[in-house]
Amino acid sequence: MRVIKPLLLALGFSLSATALAATQIQLDSSAKGAVINKNIYGQFAEHLGRGIYEGLWVGPDSKIANTKGFRNDVLAALKDLHVPLIRWPGGCFADEYHWRDGIGPRDKRPVKVNTNWGGVEEDNAVGTHEFFDLVELLGAEAYVNGNLGTGTPQEMAEWLEYMTAEGKSTLAELRRKNGRDKPFKVHYFAVGNEAWGCGGNMSVEYYTNLYKHYTTFLKTPANNTPKWIASGSHGDDTSWADYMTANIKQKMDAVSFHYYTLPTGQWDVKGAALQFPESEWISTMQRTLAMDTFITNNKKVMDKHDPEKKVGFYVDEWGTWFDVEKGENPGFLYQQNSLRDAIVAALNFNIFHKHADRVHMTNIAQMVNVLQAMILTDKEKMILTPTYHAFKMYVPFQDATALPLKLSNVPQYKLGEFAIPAVSATAAKAKDGSVYLALVNANPNKAETTQINLDGIQINSVSGQLLTADAMDTHNTFAKPDTIKPTAFSATGKNGKLSLDLPAKSILVVKVQ
Ligand code: AHR
């Protein structure tokens, strides 16, 4: 109380009982926020389980309404998310993918075994042309992940030539023969995936040499040069970002990074998607917040070699990873998605905004039917997950400029060995000049009050959306698709200040007016 009282008075709040209990949120006018690159809201679609086949692609002859083979219901839902980019074809799959298998008449394409994911048949129905159809249908950008593990520099270079060549080269002509006259626009290109693991079990020194070797031969027309991405590390390992930014001085626009949230932190028993104990709610939240530390530590090592922040840090795989649903192919990574996932997504967004000066892209794993998906399908049926709703609520933050906030008096939510700040917040000025605020209450048991002072920005009223539910694992099903969805929210302010109440386990996104 002795510390809080003068602080509250300095912030201009009266000392009501509510004020004392409330989280104080103050605009930090001394700090400059970075632009929140829209690509922070990127998506990942791998040839894995029912992610691409059924989830996105049903084929042009399907009874399910589709455009160029991609199901219309899923396309319409994804359009509302303003998906900025899609990463494809993997993941681990990328390092066993040979692009020539996925071009030409579909009935002539080779059938392979998807050795990474369930050992099922991969008939290559979705290949380069289909991927670009998807990207163009969604108005998104393309992130193509090249095969370093089982490919060659020649194969990788030829894929880029096939996609981008303008003239009469044999590969450009082959692309035309396959139905595409003008080149595809390749915005991002990665050399391998998880080189430390499924991509070849390499050391960073070995990968760095290979990266330089391969990129020497990757050439594209000047007006269609992708941003080059080196495959980096995962979790708390900063050595890859450190070594690569120190040793790769050309053709590296970003280092990638992967981090998945497992409730138990253990790969053998990760924890269930639904009907989990509260101990796995808080452990999931605490492990999600570790993203902040991992990014901070990677930024520190990158700042040593690249103080001008020319090289991006792309979190190109993130999300929850639970035990696979009973009765599902364990290799398909299909999991239900609940309010807990939505809160994980929102906490990650708030962290990414904070680090937007270096984090220019992230990709949730994955788009449909795999891991922390936006959408689940069951043949012709489709449902939107709580994660979908979180993404949609945060759309105004795409390409907005972050307004750094200082939070104080934040209550701790504790259980057993775990303790986290209950409230997390982010604010930004959108392209149209409006100010948006997103608040998360990660405490599943207790409502929280916040007192907000956006210094100089007039707050008269706010309106937006609230996502919450009674149970920690509230989720949508094919029988009840609207069990959890956002509801309208509004409040009024006075003298530029505002008090907002957050229900237990909730996300609130509002426009300030
Ligand atoms: O997203 C599933 C898998 O997780 C990806 O294929 C791989 O890169 C990561 O280990």
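**Loops, and where they lead**

Modeller: K251 sits in the loop between α8 (239–247) and β11 (254–261). Bear in mind that this is a predicted model. Phi of K251 is near 50°, a positive value in a residue that isn't glycine. Most residues other than glycine have a negative phi, and most peptide bonds are trans. With a relative accessible area of 29%, K251 counts as partly exposed.

D399 is another case: its phi is positive, about 65°, and it is not a glycine either. You'll find D399 in the loop between α11 and β16 (401–402). D399 is partly exposed too, because its relative accessible area is 24%, and buried would need under 20%.

The buried ones are P386, T387, Y388, H389, A390, F391 and M393.

Next, the peptide bonds. W88 and P89 are joined by a cis peptide bond with omega about 5°. P89 is placed in the loop between β5 (85–88) and β6 (112–114). A cis bond also runs from A365 to Q366, where omega is near -5°, and Q366 belongs to the loop between β13 (361–365) and β14 (375–378).

Q366 takes us to the ligand: a polar atom of its side chain lies 3.0 Å from a ligand oxygen. E46 has a polar side-chain atom 2.8 Å from an oxygen atom of the ligand, and for E317 an N or O atom of the side chain is 2.7 Å from a ligand oxygen. On its own the ligand has 280 Å² of accessible area, and the protein covers 94% of that. Around the ligand there are 14 residues, and the closest are E46, C92, E194, Y260 and E317. By class, that shell has 7 nonpolar, 4 polar and 3 charged residues.

One more loop before I stop. D28 is in the one between β1 (23–27) and β2 (42–44). At 13% relative accessibility, D28 is buried, and its side chain makes a polar contact of 2.5 Å with the side chain of S30.

Methods
Residues are numbered from 1 along each chain as its sequence is written. This is a predicted model: local features need pLDDT of at least 70, side-chain atom pairs count only at pLDDT 80 or more; totals for chains, interfaces and linings use all residues. Side-chain values use heavy atoms; hydrogens and water are left out. A residue is near a molecule or strand if one of its heavy atoms lies within 4 Å of it. A polar contact is a pair of N or O atoms within 3.5 Å; within protein, one must be able to donate a hydrogen and the other to accept it, and residues adjacent in sequence count only if both atoms are side-chain atoms. Accessible areas come from the Shrake-Rupley method with a 1.4 Å probe; for residues, only the protein chains shown count as cover. Ala, Val, Leu, Ile, Met, Phe, Trp, Tyr, Cys and Pro count as nonpolar, Asp, Glu, Lys and Arg as charged, and the others, Gly among them, as polar. Buried means under 20% relative accessible area, exposed over 50%, partly exposed in between (1.4 Å probe, protein chains only). Helices (H or I, at least four residues) and strands (E, at least two) are DSSP runs, numbered from the N terminus.
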